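Dear colleague,

I am handing over the structure below, and after it you will find notes on what was found. Please read the notes with the model open beside them.

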Amino acid sequence: MDLSNTAAIVTGAASGLGAATAAALTATGATVHGFDLKGAIDVDVTDPSAVRDAVAVAAGGPAPLRVVVNCAGIAPSARIVGRAGVHDLAMYAKVVQVNLIGTFNVMALAAERMAATAPDAHGQRGVIVNTASVAAYDGQIGQAAYASSKGGIAALTLPAARDLAQHGIRVMTIAPGIMSTPMLETVSEEYRAGLAAGVPFPARLGTPAEYAALVLSIVANDYLNGEVIRLDGALRMAPR
């Protein structure tokens, strides 16, 4: 898919994976609309009305909406039964609401607008890239909520691709491993080095630029559809 003179939406665009992806898409000639709670267009991905309005703006210009990348997410941790007692149900619901339901909300409302555009010469109207995590498969201690939400995104991939195939819209998911994002900048260099050492090869943290490069590869390869790609250096997470 050619991205010149098209529009794109990136959630979580104010930092990390989303910021790198927004920059990479902009470099291709796409007009990028960044959604976030800070920095970019102020949009709560869990709010249907706010998302619908923001999608309408992104799709309302002369350039057709062709790409959506969902990077917005949160990752608090808690054991199901820990020293402080049982896992807080409201926190569990919040993680699922932001990560899984927020992803679905943006995907569905954007797909509605994509489906109304004229297809390109190959019958395509767009591609949606969602973000899961290796935690969807190798969730660690304390990641019950996060792993549940990311596992839901992984499971959503194929049925979403099948639902949207009739409209010429592809759906893919990236499952990143340990990425060098602002979330990890708050921990010590020693801890970061320990995380990197656990990656088989290359033994380092992944970068937002590598995530963004994979997004561009997915967009460019029209035969990629309905699949989850792990971006993790062959990492398989230990229990803790």
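I begin with a helix pair: the axes of helix 1 (residues 16–27) and helix 7 approach to within 8 Å and cross at roughly 50°, where axes are lines fitted to C-alpha atoms, for helices over the stretch in contact, and angles run from 0 to 180 degrees between N-to-C directions. Helix 1 is therefore oblique to helix 7, on a scale in which angles under 35 degrees count as roughly parallel, over 145 as roughly antiparallel, 65 to 115 as roughly perpendicular and the rest as oblique. The crossing of these two helices is right-handed, a term used if the near helix is turned clockwise from the far one by less than a right angle, with left-handed for anticlockwise. On the side of helix 1 the contact is made by Gly16, Leu17, Ala20, Thr21, Ala24 and Leu25, and on the side of helix 7 by Pro208, Ala209, Tyr211, Ala212, Val215 and Leu216, contact meaning heavy atoms within 4.5 Å. Helices (H or I, at least four residues) and strands (E, at least two) are DSSP runs, numbered from the N terminus.

Before going further, please note that this is a predicted model, in which local features need pLDDT of at least 70 and side-chain atom pairs count only at pLDDT 80 or more, while totals for chains, interfaces and linings use all residues. Residues are numbered from 1 along each chain as its sequence is written, and side-chain values use heavy atoms, with hydrogens and water left out.

Pro48, Val51, Arg52, Val55, Ala56 and Ala59 of helix 2 meet Asn105, Val106, Leu109, Ala110, Glu112 and Arg113 of helix 3.

The largest nonpolar core has 27 residues, of which Ile9, Val55, Leu65, Val68, Ile128 and Val171 touch the most other members; a nonpolar core is a set of buried Ala, Val, Leu, Ile, Met, Phe, Trp, Tyr and Cys residues joined through side-chain atoms within 4.5 Å. Here buried means under 20% relative accessible area, exposed over 50%, and partly exposed in between (1.4 Å probe, protein chains only). Two or more residues of this core come from each of strand 1 (7–11), helix 2 (48–59), strand 4 (65–70), helix 3 (89–115), helix 5 (144–164) and strand 8 (169–176), and helix 3 gives the largest share, six residues. There is also a second, separate core of 22 residues, whose members include Met1, Leu3, Ala30 and Val129.

For Leu65, leaving aside neighbours within four places in sequence, the contacts are Ala7, Ala8, Ile9, Val55, Ala59, Ala110, Met114 and Arg125. His33, in strand 2 (residues 31–36), is buried with a relative accessible area of 15%, and with the same exclusion of sequence neighbours His33 is in contact with Ala7, Ala8, Ile9, Val10, Ile41, Val57 and Ala58.

In helix 5, Thr157 counts as buried at 1% relative accessibility. Beyond neighbours within four places in sequence, Thr157 is in contact with Val171, Met172, Thr173, Gly226, Glu227 and Val228. Ala155 is also placed in helix 5, but at 54% relative accessibility Ala155 counts as exposed.

In helix 6 (residues 189–197), Arg192, Leu195 and Ala196 are buried. Seen down the helix axis, these buried residues fall within an arc of 100°, so they line one face of helix 6, the arc being that of the directions from the helix axis to the C-beta atoms. The exposed residues Glu190 and Ala197 are carried on the face turned away from the buried side of helix 6.

Finally, some backbone details may deserve a look. A cis peptide bond, with omega of about -10°, joins Phe201 and Pro202, and Pro202 lies in the loop between helix 6 and helix 7 (208–220). Asn5, in the segment before strand 1, has a positive phi of about 60° although it is not a glycine, and Asn5 is exposed, with a relative accessible area of 64%. Ala234, which lies in the segment after strand 9 (228–231), likewise has a positive phi, near 70°, and counts as partly exposed at 47% relative accessibility.

With kind regards
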